[in-house]
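Biologist: Can you put the model up? I'd like to go through the strands and the ring contacts.

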Amino acid sequence: MSAQPRTGTRKTSELLADRAYAALRDRIVQLRIAPGAPINEDQLGRELEMGRTPVREAIKRLALENLVTVFPRRGTFASEINITDLAHISDVRQQLEGHAASRAAERLTTAGRTELDELLRRIAAPDHAPRDELMALDADIHRFVHRASANPYLEETLGRYFNLSLRIWYLVLDRLPHLTERVREHRPLLEAVRDGDADRAREIAAEHVGTFATEIRSVL
């Protein structure tokens, strides 16, 4: 009878896979790995200081999210970006982001309130913040709302579509004239979540996604 893996070892492996996933996801979404570019598992493992197993687990997860494409006998590549997908992605996100914001307003915890207050503080930072900081703040706000919905299935689904949208945003980032304004739009959303105004939170979140899609199309 074979020995069962120890719980601590399994948890460590899962944590490494999560770290590999987040690192590779961000490189692909932020176009530091260009669309269509090969992904070298060994090199990535060396850069992240981890073995092949967590890297491969991360790649499997990203393949399911359409961020990575694996070709048998050819290798692993960052997926190409299809701009025509934007309308379909935004159609789904308008419904689900609104629903998540509504649920977040209804289910905000004490810990969540503390995190929300910190996000509001970051939004109030001086103008002319670097683009990287603005993009990181935008992602943190969306992922906070997804978590605060307290529905892991909703969070997982939204995370997938948000990553695809974010990748398109990075593709046209240099041509977007109102980045600061788009990020600052999240203040009333967070305030509605904080105040428990579910209907208002739903409306603002859905409108934000629609504005995002319109602005992207305007520069394509």
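**Hairpin and rings**

Modeller: β1 and β2 form a hairpin with 3 residues between them, and arginine 73 in the turn has a positive phi of about 70°. Strands are DSSP runs of E, at least two residues, and helices are runs of H or I, at least four, numbered from the N terminus. This is a predicted model: local features need pLDDT of at least 70, side-chain atom pairs 80 or more, while totals for chains, interfaces and linings use all residues. Residues are numbered from 1 along each chain as its sequence is written, and side-chain values use heavy atoms, without hydrogens and water.

Biologist: In which sense do β1 and β2 pair?

Modeller: Antiparallel, over 4 bridges, with β1 at residues 68-71 and β2 at 75-78. Pairing takes at least two DSSP bridges.

Biologist: Which residue is the bridge partner of threonine 69?

Modeller: Phenylalanine 77, in β2.

Biologist: Switching to rings. How many aromatic pairs?

Modeller: The count is 2, for Phe, Tyr and Trp (six-membered ring) with centres within 6.5 Å; planes under 30 degrees apart are stacked, over 60 edge-to-face, the rest tilted. Phenylalanine 71 and phenylalanine 77 are edge-to-face, because their planes are at 65°, with centres 5.8 Å apart.

Biologist: And the other?

Modeller: Tryptophan 169 and phenylalanine 212, edge-to-face at 5.4 Å and 65°. Tryptophan 169 is in helix α7 and phenylalanine 212 in helix α10, so the pair ties together parts 43 residues apart in sequence.

Biologist: Are tryptophan 169 and phenylalanine 212 buried or exposed?

Modeller: Both are buried (under 20% relative accessible area; exposed is over 50%, partly exposed in between; 1.4 Å probe, protein chains only).
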